[in-house]
Amino acid sequence: DLLTHPVVGDSVPASLGLIGAATAVAIFAYNGYGSAVYFGEETHNPHRGIARAILWALVITVVAELLPVTAVLLGAPSLPDLFGANNIMGYFITARAGSGVNTAISLAVALAILNAVLAIILITSRMVFSTGRDTAWPRVASRALATVHPRFGTPWIATLVVGVVGAVFCFVDEQFLLVVTGTTIVAVYALLCLGVLSGRRNGSTAHAAYRMPLFPVAPILALVALGYVVYENALDPNIGRPSLYVTLGIAVASVLYYVFVLRRKGNWELHGPTDETG
């Protein structure tokens, strides 16, 4: 049935604004494949392995998420019932395979979410730890965030800070938080693209072990796609536009902190490891 009798919707097509807002959330769903770079200091010979790990994670992520979503859209018994369900995947699995299979997959999804949360805490805590090590905060805060556990060698204070902040965000509206996170990632990706273009032009990335093939096709196409997402989010007055305001506020606050705090430090240097093994 999936291939020979796909279900086709006969309702009004989704607006471009709705598609743009959904795209921001979809970007958030795919995000995370580049997180291997945060563990570069703890990885043996990261110059050779990190880029390969990131690209393979991207391929696996796209395939593992795109195929099930496509199968659900094409194989659902009823698209109106599918889109009207509180749990779209749960509705589809129950309708096609029964409640027992749905319960088993739901438990697997819950375990995967727990694993993802643990991974995000580990990733973010290492980023926060690096800001403390590089003295990006006042001296007392930087010293605390850069503290490493004497036995386990982990940034335990930075990890606790990340866990507390994450727990606070559990009380924020879920839909708004999803869109804000998505648009924030759009800004991060855009800055990465601009950094790639600038680094290749001024030679600051000439020492890198990985060279992007077909440069500058990837960053230019990505900037065009990201510009489209921002434009469509700006047309949505309910969630898309407020999320852009929040993202802009975060960017402005970051620039002000750099100008009035970090820039005054003078010759600010990173203090990462110097050996090959991390």
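Student: Which residues does Ser142 touch, not counting residues up to four places away in sequence?

Tutor: Contact means heavy atoms within 4.5 Å. With residues up to four places away in sequence left out, Ser142 touches Gly132, Thr135, Ala136 and Trp137. This is a predicted model, in which local features need pLDDT of at least 70, side-chain atom pairs count only at pLDDT 80 or more, and totals for chains, interfaces and linings use all residues. Residues are numbered from 1 along each chain as its sequence is written, and side-chain values use heavy atoms, with hydrogens and water left out.

Student: Why does Ser142 count as buried?

Tutor: Buried means under 20% relative accessible area, exposed over 50%, and partly exposed in between (1.4 Å probe, protein chains only). Ser142 counts as buried because its relative accessibility is 3%. Ser142 is found in helix 6. For the chain, buried residues make up 19% of the 278 residues.

Student: How many helices and strands does the chain have?

Tutor: Helices (H or I, at least four residues) and strands (E, at least two) are DSSP runs, numbered from the N terminus. The chain has ten helices and zero strands.

Student: What span does helix 5 reach from its first C-alpha to its last?

Tutor: The expected span of a helix is 1.5 Å times one less than its number of residues. Helix 5 (residues 99–133) has 35 residues and reaches 51 Å, close to the 51 Å expected. Thr135, which follows helix 5, has a positive phi near 55°.

Student: Which residues of helix 5 are buried, and what covers them?

Tutor: Asn102, Ile123, Ser125, Arg126, Val128, Phe129 and Gly132 are buried in helix 5. Their cover includes helix 4 (88–97), helix 6 (139–145) and helix 7 (156–168).

Student: Where does UniProt place the feature "transmembrane region"?

Tutor: UniProt positions are given in the numbering used here, feature names are shortened, and annotations may be inferred rather than shown by experiment. The unreviewed UniProt entry places this feature at several ranges, including residues 150–169 and 243–261. Over residues 150–169 the chain is 65% helix and 0% strand, with the end C-alpha atoms 30 Å apart. Over residues 243–261 the chain is 100% helix and 0% strand, and the end C-alpha atoms are 27 Å apart.

Student: What share of the contacts in the chain with a separation of 6 or more comes from residues 24 or more positions apart?

Tutor: Such residues account for 61% of those contacts.
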